Amino acid sequence: MTSLNKKSIEDIPVTGKRVLVRCDFNVPLKDGKITNDKRIVESLPTINYLVKQGARVILCSHLGRPKDGFAPEFSMEPVAQRLSQLLGQPVAMAKDVIGPSAKELASSLQDGQVMLLENVRFHKEETKNNPEFAKELASLAEIYVNDAFGTAHRAHASTAGVADYLPAVCGYLIQKEIQVMGKALENPKRPFVAILGGAKVSDKIGVIRNLMDKVDTLIVGGGMAYTFIRAQGGKIGNSLCEEDKLELASRLLEQAQAKKVTLLLPVDAVAADAFQADANTQVVAANAIPDGWMGLDIGPESLKLFSQAIAKAGTVVWNGPMGVFEMPKFAAGTQGVAKAVAESQAVSIIGGGDSAAAVESLGYGDQMTHISTGGGASLEFLEGLELPGIACLENRE
Ligand code: AMP
């Protein structure tokens with residue numbers, strides 16, 4: 001994998017240069033106020049480095065999903081304000097992305113100064129990766145830095161297209177993502193245990209296929225486990241099942257055996273009589289779920305089995321919840337796995353999305369080696385796919 005070898009901001013002279021940095025400032029907003037500034041805080045090491053080096057820093061990001069054209073509720077203005085507090089210096093806010101305001105501010109920037117462009121998605125050309133738009137955006141700067149891992153799996157103008165016109169390197173956030181996850185995939189400390197959960201097998205097929213050649217143990221929980229259990233001839237009641245993936249599940253089970261990968265499925269389940277927070281529940285064998293009942297969480301025996309494998313791991317990668325963790329009655333499996341991963345001595349990598357949210361909300365964030373900042377992007381990385389926002393960056397010699 002070449003992504004381990006990408007040039008970073010430290011590999012290129014930036015002093016006095018106009019540097020366009022694609023950040024992930026897609027923060028939650030309520031009534032125009034930022035409710036969680038984690039993504040802004042995480043971008044600070046890259047920005048501070050550039051400021052210290054005397055670069056002229058032009059930041060850009062998307063925020064939400066504006067339709068087309070300027071919409072005040074999707075303006076980056078609140079981000080500029082928060083950022084200037086965090087940096088302790090003014091952040092000049094452009095009124096547009098590639099218009100006169102952006103151009104004027106960019107050309108008058110001094111060494112060590114920072115500005116922020118308006119929401120790149122105010123132009124529909126952004127998500128279409130329109131080359132003219134990418135060229136205009138690139139014309140504001142002399143160097144491009146991508147530090148938005150969350151959108152690195154998208155070939156958009158600001159995440160990949162601009163790299164056709166500028167020397168392109170990664171910031172610290174993307175560098176950490178590719179180093180930690182890349183190392184886990186290429187040269188893991190063993191045993192290497194992957195834990196996959198979530199609703200559907202179909203969403204994770206690529207990941208299962210790629211990991212099958214790399215891991216020692218593959219733990220499958222969540223709704224997707226029932227397609228495997230059904231494929232083995234188990235009774236799963238009304239649990240989630242993808243009928244059209246039964247054959248594939250059988251093949252994956254055979255492959256695991258052939259490749260000597262231990263594939264662990266839940267042995268028991270918390271079954272419910274309805275998909276509701278206040279449903280009646282009972283713990284039953286995962287392959288003997290009564291008619292009319294559905295497995296909505298792994299049971300205590302499964303948690304014990306999974307936790308034992310996790311405790312022995314040298315590397316753990318986790319993506320997807322073990323049950324319907326949004327409902328307290330079905331959250332114990334996901335919470336228990338989070339605890340087991342936090343307590344293990346393994347290199348622990350949490351692929352964004354639901355599992356990252358679960359780990360953070362339980363307060364285990366600090367005990368993990370790495371929590372990915374991108375759900376979709378980390379999944380594609382684990383699939384072994386080349387992410388456009390990383391592929392476009394220059395390689396080290
Ligand atoms: P994903 O986006 O594929 O990672 O799936 C996450 C969703 O899977 C969450 O919203 C969970 O509620 C759901 N989920 C997990 N386990 C189950 C289950 N046993 N039955 C139904 N849904 C589940």
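This is a predicted model: local features need pLDDT of at least 70, side-chain atom pairs count only at pLDDT 80 or more; totals for chains, interfaces and linings use all residues.
## The ligand and its pocket

Start with the ligand. The space that the ligand takes is the largest pocket. Around the ligand stand 16 residues. Those that come nearest are A199, G223, G295, E326 and D354.

A polar backbone atom of A199 lies 3.0 Å from an oxygen atom of the ligand. A polar backbone atom of G223 lies 3.1 Å from a nitrogen atom of the ligand. K204 uses its side chain instead: one of its polar side-chain atoms is 3.4 Å from a ligand oxygen atom. Taken alone, the ligand exposes 510 Å². The protein buries 79% of that area.

Next comes helix α2, which covers residues 77-87. Which of its residues are buried? They are P78, V79, A80, L83 and L87.

Just after α2 comes G88. The phi angle of G88 is positive, at about 70 degrees.

## T315, a residue in a strand

T315 belongs to strand β17, which spans residues 315-319. Is T315 buried or exposed? T315 counts as buried because its relative accessibility is 2%, and the cut-off for buried is under 20%.

## D278, a residue in a loop

D278 sits in the loop between two strands, β13 (268-272) and β14 (281-285). D278 has a relative accessible area of 59%, so it counts as exposed. The cut-off here is over 50%.

The side chain of D278 has a partner. A polar contact of 3.1 Å links it to the side chain of Q276. For a sense of distance, take I34. D278 and I34 are 244 residues apart along the chain. Their C-alpha atoms are separated by 33 Å.

## Two residues side by side

The two single residues make a contrast. T315 is buried, at 2% relative accessibility, whereas D278 is exposed, at 59%. T315 lies in strand β17, while D278 lies in a loop between β13 and β14.

Technical notes
Residues are numbered from 1 along each chain as its sequence is written. Side-chain values use heavy atoms; hydrogens and water are left out. Helices (H or I, at least four residues) and strands (E, at least two) are DSSP runs, numbered from the N terminus. Buried means under 20% relative accessible area, exposed over 50%, partly exposed in between (1.4 Å probe, protein chains only). A residue is near a molecule or strand if one of its heavy atoms lies within 4 Å of it. A polar contact is a pair of N or O atoms within 3.5 Å; within protein, one must be able to donate a hydrogen and the other to accept it, and residues adjacent in sequence count only if both atoms are side-chain atoms. Accessible areas come from the Shrake-Rupley method with a 1.4 Å probe; for residues, only the protein chains shown count as cover. On a 1 Å grid over the protein atoms alone, a cavity is a set of points where a 1.4 Å probe fits but cannot get out, and a pocket is an open set with protein on both sides within 12 Å along at least five of seven lines; lining residues have an atom within 4 Å of a point. A molecule sits in a cavity or pocket if more than half of its atoms lie within 2 Å of its grid points.
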